[in-house]
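Work through the exercises below with the sequence and the 3D view at hand. Try each task before reading its solution.

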Amino acid sequence: MLADQPPYRVSQLWHGLYSRLAEPAELTELPQVLRARLSAEPTLAPSLGLLSETVADQGRTLKWLWSLRGGAMVETVLMHYPDRSTVCVSTQAGCAMGCGFCATGQTGFTRHLSTGEIVEQVVAAARSCRQAPADHVGQPPRRLTNVVFMGMGEPLANFPRVWGAIERLHADLGLSARHLTVSTVGVVPGIRSLASKGLPVGLAVSLHAANDALRDRLVPINRRWPLAALMDACQMWRQATGRRLSFEWALIDQVNDSLSDAAQLADWARSLHAHVNLIPLNATPGWPTVATPPDGVRAFAQALTDHGVNTTVRRNRGANIDAACGQLAARAATSPHPANGPAVVAD
Ligand code: SAH
Ligand code: SF4
């Protein structure tokens, strides 16, 4: 592609595409003929086609629906907070793990995303951050700071491509490993692989139940890797990375929100020095059970705190545009509908 060009063009192109996040056509430091050639180069062409952008929370939450080559669709959510901007990326179109309360799980599995398709979601978010007007999102500087692999799909069931993306985000986009977090439903070999890598990226484990009988029901993959095996892998990850683990817990009314659930969860969390993130269940089309009401959320959080566990309740971002945890299903509908999730509980 650059064989007929002087050697410094390679670093100009690399710097332009990755550090400045420019399109080939915007690289005015390159001769016009070369810009035109690069713009037509299939390997530099975007692999995601934007189908829609939906905005909520006064411009602080943006959801993009993309079409992939071959026709599948995925979503990406960008969230601006006063002190950071976090993008939640998809790693698979659909998901094979079959958690009944999750909109992605309800659609089944279509295919893995490539490394490029994952990185492109982050590049789109970084570009959007750069263009975000300060009055929409609070105080500048507005720069993409965090990436969470918590969109559609199970990242550790697509390990090689997800790891490829992590390496590129770290090396090419300069994002620190501490600001990258992989969320898993508990794919034990994937957690072990993550632990064996040199980069200490964060790990969130979607637990939702602290005994095998209930977890087998809520998270079918638990039958393959039950809690004891999962916790062994988490312990290994902690020792290898020296980082604090998070447990995610979707609070489901009268399913996993009793004080005895809190006590069982506290036992695991204390033994692994894990932080617990509570997410009142978000509404999805194929799951009738509702979220724990706000009083119950407070009582559950208090019980964990009383047991000595560091606990937060996740703010419910983008529920009225189906952009909240577990609501991503890549439906083509673009119009927002009124919030039908639980009351917002800020951490
Ligand atoms: N597959 C990975 C990452 C994507 S799901 C995982 O399961 O961890 C991202 C997070 O959303 C997970 O913690 C998941 O348990 C949670 N989630 C799924 N459905 C949800 C729902 N309806 N309400 C609240 N959280 C949900
Ligand atoms: Fe897949 Fe995660 Fe949804 Fe379970 S919660 S179906 S693992 S995306």
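**Exercise 1.** Which residues does Thr145 touch, not counting residues up to four places away in sequence?

*Solution.* The model is a predicted one. Begin by placing the residue: Thr145 is in the loop between α5 (134–137) and β7 (146–149). Next, list its contacts: leaving out residues up to four places away in sequence, Thr145 touches Arg84, Ser85, Leu175 and His179. Last, classify it: the relative accessibility of Thr145 is 13%, so it counts as buried.

The charged end of Arg84 sits over the ring of Tyr81, 4.1 Å from the ring centre.

**Exercise 2.** Classify the aromatic pair of Phe101 and Trp287 as stacked, tilted or edge-to-face, and state which parts of the chain the pair ties together.

*Solution.* The structure holds four aromatic pairs, and two of them are treated here and in the next exercise. Step one is the geometry: the rings of Phe101 and Trp287 are 6.1 Å apart, centre to centre, with 75° between the planes. Planes over 60 degrees apart count as edge-to-face, and this pair is edge-to-face.

Step two is the position in the chain. Phe101 belongs to the loop between β5 (92–94) and α3 (103–107), while Trp287 belongs to the loop between β11 (275–280) and α11 (294–306); the pair therefore ties together parts that are 186 residues apart in sequence.

Step three is accessibility. Phe101 has 9% relative accessibility and so counts as buried. Trp287 has 23% and so counts as partly exposed.

**Exercise 3.** His208 and His273 each have a positive phi although neither is a glycine. Is each one buried or exposed?

*Solution.* Take His208 to start with. Its phi is about 65°, and it is found in the loop between β9 (202–206) and α8 (212–218). At 6% relative accessibility, His208 counts as buried.

Now take His273. Its phi is about 50°, and its place is the loop between α10 (259–272) and β11. The relative accessible area of His273 is 55%, so it is exposed.

**Exercise 4.** Name the residues that surround ligand 2 and sort them by type.

*Solution.* The shell consists of Cys95, Met97, Cys99, Cys102, Gly105, Gly153, Glu154 and Val185. Sorted by type, these residues divide into five nonpolar, two polar and one charged. For the sorting, note that Cys counts as nonpolar and Gly as polar.

**Exercise 5.** Describe the surroundings of Cys325.

*Solution.* Cys325 is in the segment after β12 (311–313). It touches Ile279, Asn282 and Arg314, not counting residues up to four places away in sequence. The C-alpha atoms of Cys325 and Ala283 are separated by 9.6 Å, and these two residues are 42 residues apart along the chain. With a relative accessible area of 33%, Cys325 is partly exposed.

**Exercise 6.** Where is the pLDDT below 50?

*Solution.* The average pLDDT of the protein chain is 89, and 93% of the residues score at least 70. The pLDDT is below 50 over residues 332–347, a stretch with 30 contacts in the model beyond near neighbours in sequence. Where pLDDT is low, predicted coordinates should not be read in detail.

Conventions:
Residues are numbered from 1 along each chain as its sequence is written. Chains are lettered from A and ligands numbered from 1 in the order in which they are written. This is a predicted model: local features need pLDDT of at least 70, side-chain atom pairs count only at pLDDT 80 or more; totals for chains, interfaces and linings use all residues. Side-chain values use heavy atoms; hydrogens and water are left out. Rings of Phe, Tyr and Trp (its six-membered ring) pair if their centres lie within 6.5 Å; planes under 30 degrees apart count as stacked, over 60 as edge-to-face and the rest as tilted. Helices (H or I, at least four residues) and strands (E, at least two) are DSSP runs, numbered from the N terminus. Buried means under 20% relative accessible area, exposed over 50%, partly exposed in between (1.4 Å probe, protein chains only). A charge sits over a ring if NZ of Lys or CZ of Arg is within 6 Å of the ring centre and within 35 degrees of the ring normal. pLDDT is the predictor's confidence in each residue, from 0 to 100. Contact means heavy atoms within 4.5 Å. A residue is near a molecule or strand if one of its heavy atoms lies within 4 Å of it.
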